[in-house]
Amino acid sequence: MNPHLDQLHPYPFEQLRQLFSGVTPNPAHSPISLGIGEPKHPTPAFIEKALLHAMAGLSVYPSTHGTEPLRVAIAGWLERRYGIPAVDPGTMVLPVNGSREALFAFAQAVVDPARGDALVMSPNPFYQIYEGAAYLSGATPYYVNSEPGRNFAPDYGSVPDEVWARVQLLYVCSPGNPTGAVLSLEDWRQLFELSERHGFAIAADECYSEIYFGATPPLGALEAAHQLGRSGGARPYANLVVFSSLSKRSNVPGMRSGFVAGDPQLLKKFLLYRTYSGGAMSPPIQAASIAAWNDEHHVQDNRALYREKFRLITPLLKEVMDVELPDAGFYLWADVRRTGLSDTDFARRLYAEYNVTVLPGSYLAREAHGLNPGRGRIRMALVASVDEGLDAANRINEFCKGL
């Protein structure tokens, strides 16, 4: 067996299952889960129709590179969304079966296993795939704590030069999971300069980019690179690839459809890796994905639903805990220490007494540089209907006031 498997931590939802073991929730309340970031809004009918109409494609093996129409649709969306120059669909776009599997696989392709001191850097707290990908690639994770004073953006300036010299891959999540933080242009300038100096690749996870609350959409990595003069030349977007997905944007988590885009040299090697690992997307999924990437009306409607939920629910929760509207995404990252409970005790008691599930923040982070930045916080995914979300918020409010 691969010895690196022993380095993997239990997944947060397995930890949550163990936390709730032996607990019988109050039967007076129906169950409401804010624990898992699984979109619950209905899948648009036109996407379902495109999927059904392409079922004849099941009779052929798909190409790992995807069809040209799909790559053209993704390239066009990138150009429209981020105002960047023409994206070559042949060399700068690769369809993938959801961003999760691609984020994991990318580390296996990028990290040099001969480098015994290799580091894979990620924010802390973080999406657990980054850590697992680091361990299974033979590297060591290095965590950069998110700073509440910087609106939960990681403080990359705190990282010593000798650490940067060992980094082979940097995972960036903007908008962040679970914090909702969006990196600024100056943040990106710093990271691009560090990447150029030390030669590491940047994997920018942007799967929450289309859920936001202001008039201006979140800054993307390719967009920042273009604004900073890094989108042209012999190697456009050098050392940078972005990962995105239809799951949150279009409410199709079961389709497992996303893409990787950016540096042609990195994508050429990643395509070679994926050709052997079997990461081809089903033709019906490709057809439905083309329809989704080419339409923005359903995305606007989806965003409006999230805005309404956050507008109604956030003030209710602010009465009893320290929580603010995030920059983007569908999570609330709340500080519950004023309740006098730890994040795990809060989650366990809330489940037992009010049948509402939230995720302890300490499960989403690691002890690093003297602290676990998730400790004392909970993550709430506002993915259900407005009515169910309000019901959950009222129960949480009542629970906290009774402590």
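This is a predicted model: local features need pLDDT of at least 70, side-chain atom pairs count only at pLDDT 80 or more; totals for chains, interfaces and linings use all residues.
**View A. The cis peptide bond between N124 and P125**. The bond that joins N124 to P125 is cis, and its omega lies near 10 degrees. P125 belongs to the loop between β3 (119-124) and α5 (128-136).

**View B. The cis peptide bond between N177 and P178**. From N177 to P178 the peptide bond is cis, with omega near 15 degrees. P178 is located in the loop between β6 (167-173) and α7 (185-198).

**View C. Positive phi at F152**. F152, a residue other than glycine, has a positive phi, with a value near 70 degrees. Most residues other than glycine have a negative phi. F152 lies in the loop between β4 (140-147) and β5 (153-154). Is this residue, F152, buried or exposed? F152 counts as buried because its relative accessibility is 16%, and the cut-off for buried is under 20%.

**View D. Positive phi at N355**. Although N355 is not a glycine, its phi is positive, at about 60 degrees. N355 sits in the loop between α13 (343-354) and β11 (356-357). With a relative accessibility of 8%, N355 counts as buried, since buried means under 20% relative accessible area.

Definitions and conventions
Residues are numbered from 1 along each chain as its sequence is written. Side-chain values use heavy atoms; hydrogens and water are left out. Helices (H or I, at least four residues) and strands (E, at least two) are DSSP runs, numbered from the N terminus. Buried means under 20% relative accessible area, exposed over 50%, partly exposed in between (1.4 Å probe, protein chains only).
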